[in-house]
Number of protein chains: 2
Amino acid sequence: MTWRFALVLEPAASDDAREDFAAGFREIDPSAPALSVGELSTQRGDGIFESIGVVNGHAQEVAAHLERLAHSAALCDLPTPNLEQWRQAVTVAAAHCPADGEGVIKLILSRGVEHGPAPTAWVTAAQAPDNTVVRERGVRIVTLDRGYGIDTPARAPWLLLGAKTLSYAVNMAAIREAKRRGADDAVFVSSDGFVLEAPTASLVLRIGGRFVTPAPNGGILHGTTQLSLFEHLAVQGRETAYETVPVSALAEADAAWLLSSVRLAAPISAIDGVAVAVDRELTASFNEYLLSPRT
Amino acid sequence: MTWRFALVLEPAASDDAREDFAAGFREIDPSAPALSVGELSTQRGDGIFESIGVVNGHAQEVAAHLERLAHSAALCDLPTPNLEQWRQAVTVAAAHCPADGEGVIKLILSRGVEHGPAPTAWVTAAQAPDNTVVRERGVRIVTLDRGYGIDTPARAPWLLLGAKTLSYAVNMAAIREAKRRGADDAVFVSSDGFVLEAPTASLVLRIGGRFVTPAPNGGILHGTTQLSLFEHLAVQGRETAYETVPVSALAEADAAWLLSSVRLAAPISAIDGVAVAVDRELTASFNEYLLSPRT
């Protein structure tokens, strides 16, 4: 991702690190030095983020992303984000995405410079990679053990499993492991045999006409794109459900997709080296919806 | 930590991101912007680090830290660090630590700017906080579930449990949880009841005259300070052992310490709210050794 635009949100004029950000931000050069080595985002992966898809200049599902940013901040004991300031920053960033085509806006809220007075917050915008092929042909996935039991997140909130933190080294390592195995992406499974999510996407299965996603029980990020697709399916009169999904359901499903803000709906075409059927027509209808302006 | 000195290691003059760093580095202002928003360390916690203690200008156990840096790099599929370049950078940084007193040098190797040609690497130096009181009075710890079974790391290397990555949000959250419970620090335990390590320190127990630390089986960082202390104890003719340690051993031990590069030996004075005996004399002898020049 080559960022073509970036801005830093100005912190409140206060020594109180728990204070909300005041309104206001300043544009910066996305390729120039902007962060000091004292930044806790860079020293400790200590912060949170969101990635927002942009279609023809329209930022998708902004309210849902901002809501999740605030949720992650609460889980990580970060100051409550000033969502109006962030919303305005997204509007400015969207204007720097392609007017015709797809873009991506990233929001980052770091704990700031160590012992500093306030968090650091910035927003970047870029042209999105071309995902046309992957939306049609799909992704080959491998299942990888996430190491946790399905009931772990609820009893150990310090593991931050429901927060979208900057500590994504494991997510990136899982994708490298998938590629090493000749696949494109991974799906994490719990150590006790339940399907969770992909490193950077949610999972949706079609099982006998029902659309099912693993329940976001604290260990799974609640995907904004999955949420939006479920609303769309409900309007069409289709049945949707949040469930505890055993790993066996993955191979038995009629069809399955990875859903994320920028790649949108990528049909799963192989699971652990075994090809599975892709529903091209239904996938195309999902992406047609997901590429329409959504709020 | 207020960094008083920083330098960036120059990458090799090559488009090959897998190439080693060439010799050479340049000093930067540690409080000025130095890193771009495209840095994967800051976007993804995608990189590794080491913290080296410095006593009266002497950097401690440099070889062991560099060896662990190379080990972490291999686990994370990062280019093999040019250890001679890093060693020279540590020498320069040590000269900027207090000549009389304690300092800390931090090494960071990031995957670099997204789609960039090479990793980013930098070294910082600072005066260490005054740890005199904590070395004498000790730390109150709480045990926190790390979520994994003891055998998880060996079967799931993509969880990077033996690498010292920048993705430390969980480690920081565990320390916040400990403070919320009225303690000073945490000790992680496996979901199946074995003692692991502290978020930023190793654990050593004295059990009936033997000194025992949890075996670094892939899920625990092998502590450089613990390793150094064990060498010292062996020279003194004391018995040391790496073992699988059940949680019950923590309360039953004659004494216990958290060991780390900068705080050194901190005796454990309470476990989950129950006071335990501190061996002040032995602790003082540990820290006398740990404060002596070590290579």
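**Interface between chains A and B, and selected local features**

Across the interface of chain B and chain A, 28 residue pairs are in polar contact, both residues of each pair being at pLDDT 80 or more. The model is a predicted one. On the side of chain B that touches chain A, at least two residues each come from β1 (3-9), α1 (40-44), β5 (102-110), β6 (120-127), β7 (139-145), α5 (152-155) and α6 (169-180) of chain B. Among these elements, α6(B) gives the most, with eight residues. Sorted by class, that side of chain B comprises 28 nonpolar, 15 polar and 13 charged residues.

The size of an interface is often given as the accessible area lost when the parts come together. For chain B and chain A, the buried area is about 4500 Å², and carbon and sulfur atoms give 53% of this area. The residues of chain B that lose the most area to chain A are Val37(B), Arg44(B) and Trp158(B), which together make up 19% of what that side buries. In terms of contacts, 56 residues of chain B meet 56 residues of chain A. Six salt bridges are counted between the two chains. One of the salt bridges joins Arg176(A) to Asp77(B), with 2.9 Å between the closest N and O atoms.

Within chain A, six strands form an open sheet in the order β2-β1-β6-β5-β3-β4, and the pairing is antiparallel. The partner strand β1 (residues 3-9) of chain A pairs with β2(A) in the antiparallel sense over four bridges. Leu9(A) is placed opposite Phe25(A) in β2(A).

Backbone geometry was also examined. Most residues other than glycine have a negative phi. In chain A, His115(A) has a positive phi, near 60°. His115(A) is located in the loop between β5 (102-110) and β6 (120-127) of chain A. The relative accessibility of His115(A) is 67%, and the residue therefore counts as exposed.

In chain B, a positive phi is found at Asp272(B), with a value near 50°. The loop holding Asp272(B) lies between β13 (264-271) and β14 (274-275) of chain B. Asp272(B) has a relative accessibility of 40% and so counts as partly exposed.

Notes
Residues are numbered from 1 along each chain as its sequence is written. Chains are lettered from A and ligands numbered from 1 in the order in which they are written. This is a predicted model: local features need pLDDT of at least 70, side-chain atom pairs count only at pLDDT 80 or more; totals for chains, interfaces and linings use all residues. Side-chain values use heavy atoms; hydrogens and water are left out. Contact means heavy atoms within 4.5 Å. Buried area is the accessible area (1.4 Å probe) that two parts lose on being put together, summed over both. A salt bridge is a side-chain nitrogen of Lys or Arg within 4 Å of a carboxyl oxygen of Asp or Glu. A polar contact is a pair of N or O atoms within 3.5 Å; within protein, one must be able to donate a hydrogen and the other to accept it, and residues adjacent in sequence count only if both atoms are side-chain atoms. Ala, Val, Leu, Ile, Met, Phe, Trp, Tyr, Cys and Pro count as nonpolar, Asp, Glu, Lys and Arg as charged, and the others, Gly among them, as polar. Two strands pair if DSSP finds at least two bridges between them. Buried means under 20% relative accessible area, exposed over 50%, partly exposed in between (1.4 Å probe, protein chains only).
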